[in-house]
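Me: I would like to learn how to read the features of a protein–DNA model, one at a time. Could we begin with the DNA and then turn to cavities and strands?

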There are 2 protein chains.
Amino acid sequence: MTLKGSRRVTPKQRVTINAVAERAGVSISTISRVLNGRDRVSPETRARVLAAIRELGYRPSALARGLASKRTQTLGFVIPTLTDPFFMGIVAGVERAAAQSGYSLLVSCEPYAAKGRSYARLFHERRVDGLILVGIRLTRADIEEFQDHHFPVVLIQQTVGGLLPSVTADNYGGAKALVEHLISHGYRRFAYIAGSDYTPDNAERFRAMRETLAAHGLDLPDSCVASGDYTHEGGRRAMTELMERGCNPRAVFAANDQMAGGAILAIKERGLQVPDDIAVVGFDDVALARFTSPPLTTVRQPTYEMGYQAARMVLHAIEFPDERMPLSVVLPTELVRRESCGCKPDSR
Amino acid sequence: MTLKGSRRVTPKQRVTINAVAERAGVSISTISRVLNGRDRVSPETRARVLAAIRELGYRPSALARGLASKRTQTLGFVIPTLTDPFFMGIVAGVERAAAQSGYSLLVSCEPYAAKGRSYARLFHERRVDGLILVGIRLTRADIEEFQDHHFPVVLIQQTVGGLLPSVTADNYGGAKALVEHLISHGYRRFAYIAGSDYTPDNAERFRAMRETLAAHGLDLPDSCVASGDYTHEGGRRAMTELMERGCNPRAVFAANDQMAGGAILAIKERGLQVPDDIAVVGFDDVALARFTSPPLTTVRQPTYEMGYQAARMVLHAIEFPDERMPLSVVLPTELVRRESCGCKPDSR
DNA sequence: GTGAAAGCGCTAACAG
DNA sequence: CTGTTAGCGCTTTCAC
């Protein structure tokens, strides 16, 4: 009653459903009904309620709603790092899809190797309605927990033996196309700069490279495989190591663009030319790829789409709990020819 | 009682505080006490409770806690875009600070010009404990609302006349240093490629440029100011426009690195050299800045620190509601000399 | 079509 | 130190 007749838009006292009910002269159930649009309400009552809501500037508490309804309209999103440009697109895609459906996004950062199970917190404590996980190591128990609860989860950039739905890019196909392109340039001696071992995409790319080379009767000696860590500096170190080790490749494939950029630098520091002495290619097609000198030949990953798709999938699973989700979606990758592979500028 | 004696770690039925109380043979208040560590509890009781919690795999519901305690342990974070590398660092810093304090992060994307007031949703409906806003246009009413509620908000990269706390980088100082450096190269004819008008940092950089030039008796004709939109393509178009317009600058300052990259491209397309014919500098020092050819001279912004600091400030304000927050924190920027300004590679 | 009442799972006085 | 009792602000049967 203290609020009756007031028209403040910015009340000091939080406006609750009770205030609205009082103002509209109905019960709180009716307010809830027009809010959720489930049962039907007579047009006049609805109008009165809507008016009261507007006049009081009422905003339902998501907490109370969640507690009562057991649905939080919130998605949980766990990602290894927020500083890598590759992940930016994924985040953007997930955010977009969530926002479009009126869902909020709880973002948590958990490094690859961490066994923090931070997703568990989102799942158990924050009661998110669904989860999007990238770069998380899941135990069998984790997986079973999701399955038992029939809980919507989608993995990005990794799979767990078909036990959980996932969205990945065609790493194998992309790497294969890349290596074949290199081979078509006539190169015969190759080297690979690996990313961290934790990541399944690194493994896929490496496998694609070995197999593609083998299919062409080419070899990849152990001395021509170096370990980076997906950073520019790591790529530079790895390339230097490769050259000091006497690998002497004609073309090197770095598991991502940053490392490829570092490799180019290391090669130039040795007084050699890219691509004339050594060709370099990367993976991901992040922003910097077009700015390296020479511009980097690489494989584009549809990061935004991956995030968007994954989020759409969990959103769909939330809305239709009984439908089975597609178990794995593989998005196409695309070879982006620039000049670091030996292509001419014009040929693009 | 149904749970008594069970030792399941992954219960089908959600484990509530009641189950734990029953199991431990105490009341729920005691559970709450050991959970929150506020009142003291006898060591034995505590041990029993902890054991019960572990055995049942109990996880308190953040929803219920939030509803009862009026604190959600959640920060709201609104940012114009997630696809710009410049913002990546900010996001990472905010996430880190939040996670360190055990806070969850609700992320929302709202483009510069949008009057969506998406922060309002976080504030009113999700009941976040604090807000970090970047690139949001606030009305006077918005500001007063925060002040009336004594609500912790920190702005990043913008200020509202000292009415709300903010964290910004020293855009003016950075731009000034940059322009002075250009002048020290002996350049006399300048051009500016602006970012979007919405952003205050663009304005600051522009003002710094004008004033610094003026202080040196130099002029910046209107014909030598073009509008970009912070994208690579925008910078390229703006630079082309500048040249067609007959501006003929000796050095151009683009409001961010992406545009500078685009400008370099446009200049080369005209058959001119950077920096010999036209020097180009950018702002931000994002990843690609070191990969352009020539490498870009720019101003580093401490994006991660900005995000981290801002989050720390709201966290502090949440914990100590009575202290006054520092009204504005300005973080230093740093001139990064590479080669696009005309410096020699060695001089770094 | 609408209201009453019982929770949702916790915290926070207030008693002992 | 611990238990009892109200709520927190909604949704959801179940009546009417």
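Reply: Let us start with DNA strand C: of its atoms within 4 Å of the protein, 64% belong to sugar or phosphate and the rest to bases. This is a predicted model, in which local features need pLDDT of at least 70 and side-chain atom pairs count only at pLDDT 80 or more, whereas totals for chains, interfaces and linings use all residues. Residues are numbered from 1 along each chain as its sequence is written, chains are lettered from A and ligands numbered from 1 in the order in which they are written, and side-chain values use heavy atoms, with hydrogens and water left out.

Me: Which residues come nearest to DNA strand C?

Reply: A residue is near a strand if one of its heavy atoms lies within 4 Å of it. Of the 28 residues around DNA strand C, those that come nearest are A:Thr30, A:Arg33, A:Thr45, B:Ile17 and B:Tyr58.

Me: What volume does the largest cavity have, and which residues lie nearest its centre?

Reply: On a 1 Å grid over the protein atoms alone, a cavity is a set of points where a 1.4 Å probe fits but cannot get out, and lining residues have an atom within 4 Å of a point. Grid points are joined across faces, edges and corners, and a volume is the space filled by probe spheres set on the points. The structure holds three cavities of 30 Å³ or more, and the largest cavity contains about 200 Å³ of space. Its lining has 13 residues, of which A:Leu63, A:Arg126, B:Leu63, B:Thr74 and B:Arg126 lie nearest the centre. The second largest cavity, with a volume of about 70 Å³, has a lining of seven nonpolar, one polar and no charged residues.

Me: Are the residues of strand E5 of chain B buried or exposed?

Reply: In a regular strand the side chains alternate between the two faces of the sheet. Strands (E, at least two residues) are DSSP runs, numbered from the N terminus, and buried means under 20% relative accessible area, with exposed over 50% and partly exposed in between (1.4 Å probe, protein chains only). In strand E5 (residues 166–169) of chain B, B:Ser166 and B:Thr168 on one side and B:Val167 and B:Ala169 on the other are all buried.

Me: Which strands pair with E5(B)?

Reply: Two strands pair if DSSP finds at least two bridges between them. Strand E4 (residues 153–156) of chain B pairs with E5(B) in the parallel sense over two bridges, and B:Val167 is the bridge partner of B:Ile156. E5(B) also pairs in the parallel sense with strand E11 (residues 328–331) of chain B, over four bridges, where B:Val330 is the bridge partner of B:Thr168.

Methods
1 Å grid on protein atoms, 1.4 Å probe; cavity = no way out; pocket = protein on both sides within 12 Å on 5 of 7 lines; lining within 4 Å. Nonpolar A, V, L, I, M, F, W, Y, C, P; charged D, E, K, R; others polar.
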